[in-house]
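Below is a brief report on one model.

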Amino acid sequence: MHFIVTGGAGFIGSHMVCYLLDEYPHCHVTCIDRLSYATKYLSKNLAMWCDLPRYNFKEMDLADGADETIFSECKDEEDVTILHFAAESCVDRSYIDPLFFTRNNIFAMQNVLEAYRKRVEGHPDRQKTHCMVHISTDEVYGEQKHTDTVTEDSLLFPSNPYSATKAACDLILHSYIKSFNDLRISIIRSNNVYGPGQYPEKLISKTLEALKHVDRDGFLPESWKVPIHGTGDCQRSYLHVRDFVAAVILIERNARDTEAFGQIFNVGVKEEIKNRDLVYSICSMYMKLRFEKEQISEQEFVTFVKDRCYNDARYSLDLEKIHSLGWAPRITFEEGISELVQSIIP
């Protein structure tokens, strides 16, 4: 097996690379990344593998183009899987520079897709040995009201520039699945993914970063209070990165074993939590573990800021399809958050 992990120096991608190299001692892994502000922060995650002969790193900006060079380390007899994680994912940044997200998400994905298409075109022997798994997001569906849930067949209705680029990628992939029968492609749409080593721009990692600045008296400086959009009543679901990586591997294996390529899989959890409750629960756990303080005031740790131009109220995925493959999350939200909080207590 040879895995090509695009965006492999990013948060989820680096966890994917580490899992593959650790759990599959005979596989080869090529990690491709352009090393942006976030991936440079996370590059230490991959430092342990630098001298391993079956690991190879390529610094590439896939938005500039991708060709056969992404397969340069792959031998003819190897099964090759492209795991496409590469993407800009910060919604707030997408409001500032939407075109940057178009370039880095849509162009990069289609360049990789074209490299894959050209590699198997005219080589029937590679048709069954190559596949691609694209990592999308639950945000492509747009928001769900009240108790609504969405299946893999639901309409795409993105509401911000980031999710629009991911929806565009999904539609391009769908067109290739229909147009080129020799391409094996699966799409994964997941909840918010969290875990160790995440760059501090998402709500959980930003809260943990803020808590590192609580002083010995249990006081958090005003400048480090966690900003929450609007009233903080928007709800999200959170999946631990190790559970997500396990789902990716299962889906990749399922596509190979049953030729179930061309499918979409929702991956996530059913539990939802309001943004303000999420931050409060993390801060409460930290103060209890470090200072044995049972009660805290929200105002000590949070500042409410102007809401996004449009902020989806909630997302809720129907998970029956991924559950039918035997996958279920193993790490509860409380366990995952507890692990992260304990890791930052001095």
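## Rings and charges

The charged end of Arg-117 sits over the ring of Phe-180, 5.1 Å from the ring centre. Lys-321 lies over the face of Phe-265, at 4.7 Å from the ring centre. A charge sits over a ring if NZ of Lys or CZ of Arg is within 6 Å of the ring centre and within 35 degrees of the ring normal. This is a predicted model: local features need pLDDT of at least 70, side-chain atom pairs count only at pLDDT 80 or more, and totals for chains, interfaces and linings use all residues. Residues are numbered from 1 along each chain as its sequence is written, and side-chain values use heavy atoms, with hydrogens and water left out.

A search of the whole structure finds 7 aromatic pairs. Rings of Phe, Tyr and Trp (its six-membered ring) pair if their centres lie within 6.5 Å; planes under 30 degrees apart are stacked, over 60 edge-to-face, and the rest tilted. One of the pairs, Tyr-19 with Tyr-24, is edge-to-face, at 6.4 Å centre to centre and 65 degrees between the planes. Tyr-19 is partly exposed, at 29% relative accessibility. Tyr-24 is also partly exposed, at 24%. Another pair, Tyr-176 with Phe-180, is tilted: 5.1 Å between centres, 55 degrees between planes. Tyr-176 is buried, with a relative accessible area of 8%, while Phe-180 is partly exposed at 26%. Buried means under 20% relative accessible area, exposed over 50%, and partly exposed in between (1.4 Å probe, protein chains only). Phe-3, Tyr-19 and Tyr-24 form one aromatic cluster.

## Nonpolar cores

The largest nonpolar core has 41 residues; Leu-20, Val-29, Leu-83, Phe-85, Phe-244 and Val-267 touch the most other members. Strand S1 (2-6), helix H1 (11-23), strand S2 (28-33), S5, helix H8 (241-258) and strand S11 (264-267) each supply at least two residues of this core. A second, separate core of 30 residues includes Ala-66, Val-80, Tyr-116 and Ile-264. A core is a set of buried Ala, Val, Leu, Ile, Met, Phe, Trp, Tyr and Cys residues joined through side-chain atoms within 4.5 Å. Helices (H or I, at least four residues) and strands (E, at least two) are DSSP runs, numbered from the N terminus.

Beyond its neighbours within four places in sequence, Val-29 is in contact (heavy atoms within 4.5 Å) with residues including Phe-3, Val-17, Leu-20 and Tyr-55.

## Helices H7 and H9

Of the 9 residues of helix H7 (residues 203-211), 7 are buried, so H7 is largely enclosed by the rest of the structure. Among them are Leu-203, Ile-204, Thr-207 and Leu-211. Their cover includes strand S7 (192-194), strand S8 (226-229), strand S10 (238-240), H9 and helix H11 (333-344).

Helix H9 (residues 275-291) has 17 residues and reaches 24 Å from first C-alpha to last, close to the expected 24 Å. The expected span is 1.5 Å times one less than the number of residues. Its buried residues include Leu-278, Ile-282 and Tyr-286. Glu-292 follows H9, with a positive phi near 55 degrees.

## A buried loop threonine

Thr-137 lies in the loop between strand S5 (130-135) and helix H6 (161-179). Thr-137 is buried, with a relative accessible area of 6%. A polar atom of its side chain lies 3.1 Å from the backbone nitrogen of Glu-139. Not counting residues up to four places away in sequence, Thr-137 touches Tyr-162, Lys-166, Ile-188, Arg-189 and Ser-190.

Terms used:
A polar contact is a pair of N or O atoms within 3.5 Å; within protein, one must be able to donate a hydrogen and the other to accept it, and residues adjacent in sequence count only if both atoms are side-chain atoms.
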